[in-house]
Amino acid sequence: MKKLTFFFIVLCISSAVSSSSSFAEDKKEKKALSDEGEVSYVKTEGNTQVTSLAVKNLMKYQFNEQLLGSWKIGALNAETAGVTTAENYMTDLKLDYLYTPRLYSFANGGWLKNRFAGIDEEVYGGVGVGYKILDGPKHFVIGELGVMYVSDKYTDKTTKDYPGGRAFAKYTYAFTEKNKFSQSLEYLNDFDNSLHYKVNSETALISALNDIISLKAAYVLNYSNAPVPATLKKQDTTTTVALVVNY
């Protein structure tokens with residue numbers, strides 16, 4: 001029943017997207033599609049045998065002046081001497097509705113798997129509001145607050161379904177239009193257990209090689225205050241240097 005709630009949210013998002021698309025076609029409004037993909041690959045052989053692959057993609061679609069859809073996917077896999085040491089997959093679908101150029105509401109739903117962090121499968125859906133505190137030309141700050149429902153399956157075969165909250169903030173400084181620094185921070189809370197919270201952070205620097213291709217260096221920190229099973233470390237960090245393609 002609880003999973004049906006999530007799929008209902010996703011269905012609502014899909015229905016809104018379809019309705020907005022039809023409306024835009026009727027009004028003959030211009031649609032805007034943008035995509036940002038990044039990939040990093042490392043392989044060493046000899047005394048040290050390490051292979052790692054990280055892939056991310058963010059697609060955005062501007063249905064009309066008020067409605068923006070985005071779809072994010074990501075995968076990370078690492079092996080040392082033929083043994084998998086990291087495995088992380090995720091996808092997230094989000095729909096933003098703009099009331100003003102700065103104020104918007106959103107609905108999102110997603111899935112993730114990170115068995116080395118104890119998560120065999122997580123399904124979630126939520127709604128919230130966001131505000132563009134600073135909107136350029138050099139400094140950009142956004143903040144979001146929302147509520148969500150989460151269904152977790154852990155690698156120790158236990159499960160947990162709970163309502164939660166989400167707070168998110170991101171600061172971006174644009175050296176130029178194509179060269180940027182960004183810092184994001186996300187806080188996820190369990191309303192049933194205040195000790196069961198997570199903090200995610202990403203620090204990134206993007207340097208453009210040309211109008212399409214950029215290099216991105218990023219440091220990601222994921223903290224879980226109450227990991228399952230409890231023997232797991234609370235903190236994971238990932239450092240990547242990736243090739244980014246925009247179009």
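1. Start with the contacts. Of those in the chain with a separation of 6 or more, 45% join residues 24 or more positions apart. Bear in mind that this is a predicted model.

2. Next, the elements. The chain has one helix and 12 strands.

3. How are the strands arranged?

4. Take one pair as an example. Strand β6 covers residues 119-135, and strand β7 covers residues 139-154. The two run antiparallel and are joined by 15 bridges. Within this pairing, Tyr-131 has Gly-143 of β7 as its bridge partner.

5. Now burial and surface. The chain has 247 residues, and 33% of them are buried. Its accessible surface comes to about 14600 Å². Carbon and sulfur atoms account for 62% of that surface.

6. How confident is the prediction? The average pLDDT of the chain is 88. At least 70 is reached by 87% of the residues.

7. One stretch calls for care. Over residues 1-29, pLDDT stays under 50. The model has 36 contacts beyond four places in sequence for this stretch. Where pLDDT is low, the predicted coordinates should not be read in detail.

Conventions: Residues are numbered from 1 along each chain as its sequence is written. This is a predicted model: local features need pLDDT of at least 70, side-chain atom pairs count only at pLDDT 80 or more; totals for chains, interfaces and linings use all residues. Side-chain values use heavy atoms; hydrogens and water are left out. Helices (H or I, at least four residues) and strands (E, at least two) are DSSP runs, numbered from the N terminus. Buried means under 20% relative accessible area, exposed over 50%, partly exposed in between (1.4 Å probe, protein chains only). Contact means heavy atoms within 4.5 Å. Accessible areas come from the Shrake-Rupley method with a 1.4 Å probe; for residues, only the protein chains shown count as cover. Two strands pair if DSSP finds at least two bridges between them. pLDDT is the predictor's confidence in each residue, from 0 to 100.
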